[in-house]
Amino acid sequence: MSDAEQPEEIPTVRTRLEAMLSEERIASHLERRVIKLDGVVVEDLDTPASPGTRIVIGGS
């Protein structure tokens, strides 16, 4: 399969947060259950989080 034929990879909550936060901060937020994806508490950082979805940490 050529590069042009490969399906686009859907980002996950983890990959989107890693662009802004350290692994330690992400783990801390996950443990405190304050990461939300479109208003739903994230239980698994490998949850798909395609562009257009909203990730919120805490009350922000």
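Is Asp46 buried, partly exposed or exposed? At 43% relative accessibility, Asp46 counts as partly exposed (buried is under 20% relative accessible area, exposed over 50%, partly exposed in between, with a 1.4 Å probe and protein chains only).

## The model

This is a predicted model, where local features need pLDDT of at least 70, side-chain atom pairs count only at pLDDT 80 or more, and totals for chains, interfaces and linings use all residues. Residues are numbered from 1 along each chain as its sequence is written, and side-chain values use heavy atoms, without hydrogens and water.

## Fold

The protein chain has two helices and three strands. Their order along the sequence is α-α-β-β-β. Helices (H or I, at least four residues) and strands (E, at least two) are DSSP runs, numbered from the N terminus. Of the 60 residues in the protein chain, 22% are buried.

## Core

The largest nonpolar core has eight residues: Val13, Leu17, Ile26, Ile35, Leu37, Val42, Leu45 and Ala49. Two or more of them come from each of α1 (13–18) and β1 (35–37). Such a core is a set of buried Ala, Val, Leu, Ile, Met, Phe, Trp, Tyr and Cys residues joined through side-chain atoms within 4.5 Å.

## Salt bridges

The structure holds two salt bridges (a side-chain nitrogen of Lys or Arg within 4 Å of a carboxyl oxygen of Asp or Glu). Arg14 and Asp46 form one, at 3.0 Å from N to O. Arg14 lies in helix α1 and Asp46 in the loop between β2 (40–41) and β3 (55–57), so the pair ties together parts 32 residues apart in sequence.

Glu43 and Arg33 also form a salt bridge, with their closest N and O atoms 2.8 Å apart. Glu43 is exposed at 60% relative accessibility, while Arg33 is partly exposed at 45%.
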